[in-house]
Structures are given as structure tokens and as C-alpha cells.
Amino acid sequence: MTTNSGRESLMEGRSIFSDISEHGRLHMSGSDAIDLLNRLTTNDLSAFKSNSAISTVITNGDAKVIDYLLLAGDGRQGLWCVTSNKRSSTVADWLDLYTFGEDITTEDQTENTGQLIILKLPGTSFSLAENEGFSIPANSSSSTENPFNSVMFSANFGQYLSYHILVPNKDDLPAVKSILKAQSIVEISTEEFENLRIHEGVPSYSKEFGEFNNPLEARLTGSISESKGCYTGQEVIARLQTYQKIQRLLMSFEADKNISIGTILTTKDGHNAGVVTSAYKNGSVTRGLALVSSKYANSDHLLTESEQNALIKLSDPNHALATEPSEL
Amino acid sequence: MSITTEPLTITITENGAKHVRSFMEAEGVASGILRVAVKGGGCSGLTYALDIASEAQEDDKVIQQNGVTLAVDKKSYIFLAGTELDYSGGLNGKGFVFNNPNAKKSCGCGTSFAV
């Protein structure tokens, strides 16, 4: 049974947090670390500093997604690189493959560290400094001056503001959670967090993106620089955007029946329109995400799922609305 | 370091060597070494890198041809074995050109490649 206590708490103006330690965490150091990431990923990292946080996508030469990364400065010369669940070794191997004698050290710290994500609605009162020292200074997007030497950085999560707390020693996680709970920040379960992810349209590896598609289909455009020069996959991405040849787009949907992952969506006259990538049941309604053929990927189209004769209403994911550049 | 003339080596044409010597003289290192390397990045994943160095490094492969000494690090050598380095000049020339049999594709401008 699914619950919505997390979303209800958020709507009431409260903040919530979830343990997302299953994400991968690499620590990168060396004078060439940022330069390598800038050459291999989609976003412009040329201004990345020790107090920066930014999202970016590693793509291969065909613009297929290796992974979506969150980067946060470690307060010194290095940075933390958060990967998708179980992708840390793949990303580390990828970086190593493309390292040719540069000054870069990459350490997989996933097993030694932990990670929490705090969510809150924009405009609701939430003073970070009240949380016994957890804070991000103004004009910064990450900080390391936090309890337990943790790194705190901000990122997008649908319509919500999110703050990640990366705890360098996972044994300190319970203590960090206690601090948050003492500030009335509600902890939600992994299942609730996953439902929230789906509700907000935040794409996830192997479901909405992976080596089977490019970041444009997953609506990760906010992590792609429009002005940066060569990076791996740039030519393909630029061509897809210029000639508007993006085949599919990630859309949110609501259905009046139970729809499961992998379900094929069709138009009313029977054309194959897309596939469900994530879904959860909310009472009698299913909410989910689907990769939809671009020509049907707008709210004007009502799709169906033929076996149950379900009606599928599409909408743009909140995460895409929050992160995509205004002019596409 | 080892000097090699094995078959799948990296070669430089007479024209390429002439321009390398010209660049070295302009840099004031007439007896320098041309470091030929691969770097990660670029549209297709890998890019070529040329640099003038005063000496080779311990683990470099060193090749001497047409009056020029080339030095290649071991990892780059894997991707460059069999490559011919040439020079394309003139108004529409591309500069140094890598004819690399390992490259399965390259980007539109030719500076990046994939194996």
C-alpha cells in the first residue's frame, strides 16, 4: 500500500527527508579532474569551484546516457560526484578509460559514505542554519562547514527545493537523521520517496534514461550547456536539437486504471505512442512516467492502454518544467 | 624508454616532419621531441594532442623518423598504433592530420575520434 504522507507534509509547508545512500558517490581530486569532466559531460563546468554544485550528464559519442551526475565541491581542490544507484563503478571505469596521464584520482566512496535528501516547497519557511549548523552560505551552492564534515549542496527535484547532505562517514548517518528529526523534518520511506520522484517526474537511471536513449528524451536539458564547445556526444545532441529530431519525450501521466511499468500506450486509433517507465498507484488512479513519441507528447493527446481500455492523460513533468531552459 | 621500429608503430610523413621541425625552431627547441598523445573528450570521445617537449618520459615509446623524434605514452599508443601523422597546409589546410586506422568514426571537424 502506498502512502502520500511525504507529499502531504510538503504541501502543509513542512520539510521531509529520505535516505538515498544507495546512490553512488565518487570522490575526485587532482588538478585535471574538473577539466576531464568538462570534456566528457554535457554541462559547462568551467566556472566550477570548491563551493559549487551542478548537474551534468555523461554521454558516449552517440549521445547515449552513461549516467546523470550531481557534482559538489569538497571545499578544497576536489569534488564529490554523485551517480545513480549501482553506477559508481561504471562511471569510475568510464572516467579512467578517458584519462590519459592527467592528474586525476577517483575513489569510489559509496560504501563508506551516506546521503540524505531534504525536500521543501519554495517559499516555505526553512532556515537551514537552525539545523544545528547545516547551511549553505549565500552565493554558494555547496558547503562543507557542516556537522560531521558533511557536504551540503542544493539541486532540483521537481517543483521542490532539495538539499543533499553527503555524510563522509556512514556511521554518522543516524546522528544526522536525529538532528533533522529534532527540527521536525519528517523522514519518509524509500517507497514514498520513489513515489514522490515519479510524481515530480524526476528521471531515473534504467527507467527514464540509460544507454538506450539520449538526455534530451529524458528531459535533462537543464543539465546540457547550450554554449559549451566539444564534449563527448555534443555533435549528436546539437543535431537532434537543431533539426528537432528528438524521437521521444518523457511525460507524466495519470490513468484511471492500474497501469504497470512496461505497458505500451497507444493513440485512440491504435498507433503505438509510448511506453510506461515508472508508475505508482494513488487510490484508484495510477500516476507515472512514460517515454512518449514526440508527436504525441503533449497534453492535447489522450492515450489509451488497450487491455484495460484505460484513459491516459499526459502532462509535462514538474522536474522538466523546473529545469528546462525557457526557450527550447 | 625504448626505441622501436615494430610494424604497428606511429609514423610521420616527410611533410609532417618538416612542419614539426619548423614549429620547434619557432619555439626555440630545435632538438626537442614531439609528444603525440590521446586525450579524453571531444565530440566522439577521444582527441589528438600534440606538444613539444624537451625529453621523453620513462615509459614512453620513442620513434625516430624523417629527422623527428616522437614520444608516445603507453596508453595513448594503444589508440594510435598504426597512425600516420601528416600535415595539410595551404589556405584550406587542416594543419596536422592523423590518419588513424583504429578510428571507426570522427566528428565533423576531424579533431575527435572513436575506436
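Q: How many bridges are there between β2(A) and β5(A), and in what sense do they pair?
A: In this predicted model, strand β5 of chain A, which covers residues 79–85, pairs with β2(A) over 6 bridges, and the sense of that pairing is antiparallel.

Q: And which residue is the bridge partner of Arg25(A)?
A: For Arg25(A), the bridge partner in β5(A) is Val82(A).

Q: What is the strand order in the sheet?
A: The order is β3-β4-β5-β2-β6 in chain A, and these 5 strands form an open sheet with antiparallel pairing. The edges are taken by β3 (53–59) and β6 (105–108) of chain A, each of which pairs on one side only. If direction is ignored, neighbouring strands in this sheet are turned by 25° against each other on average.

Q: Changing topic, which domains is chain A divided into?
A: Chain A has domain 1, covering 5–200, and domain 2, covering 247–323, and the centres of the two, taken over C-alpha atoms, are separated by 29 Å.

Q: How many residues are in contact between them?
A: On the side of domain 1 of chain A there are 7 residues, and these are in contact with 10 residues of domain 2 of chain A. Helix α5 of chain A (residues 190–200) gives the most to that side of domain 1, namely 4 residues.

Q: Last one: which element of chain A has the lowest mean pLDDT?
A: That is strand β16 (residues 302–305) of chain A, with 74, whereas strand β2 (residues 23–29) of chain A has the highest, 98. For chain A the mean pLDDT is 90, with 94% of its residues reaching 70 or more.

Terms used:
Residues numbered from 1 in each chain as written. Chains lettered and ligands numbered in written order. Predicted model: local features only at pLDDT ≥ 70, side-chain atom pairs only at ≥ 80, totals over all residues. pLDDT = per-residue confidence, 0-100. Helix = DSSP H or I, 4+ residues; strand = E, 2+ residues; numbered from the N terminus. Domains from an automatic or database assignment. Contact = placed C-beta atoms within 7 Å. Pairing = 2+ DSSP bridges. Axes fitted to C-alpha atoms, helices over the stretch in contact; angles between N-to-C directions.
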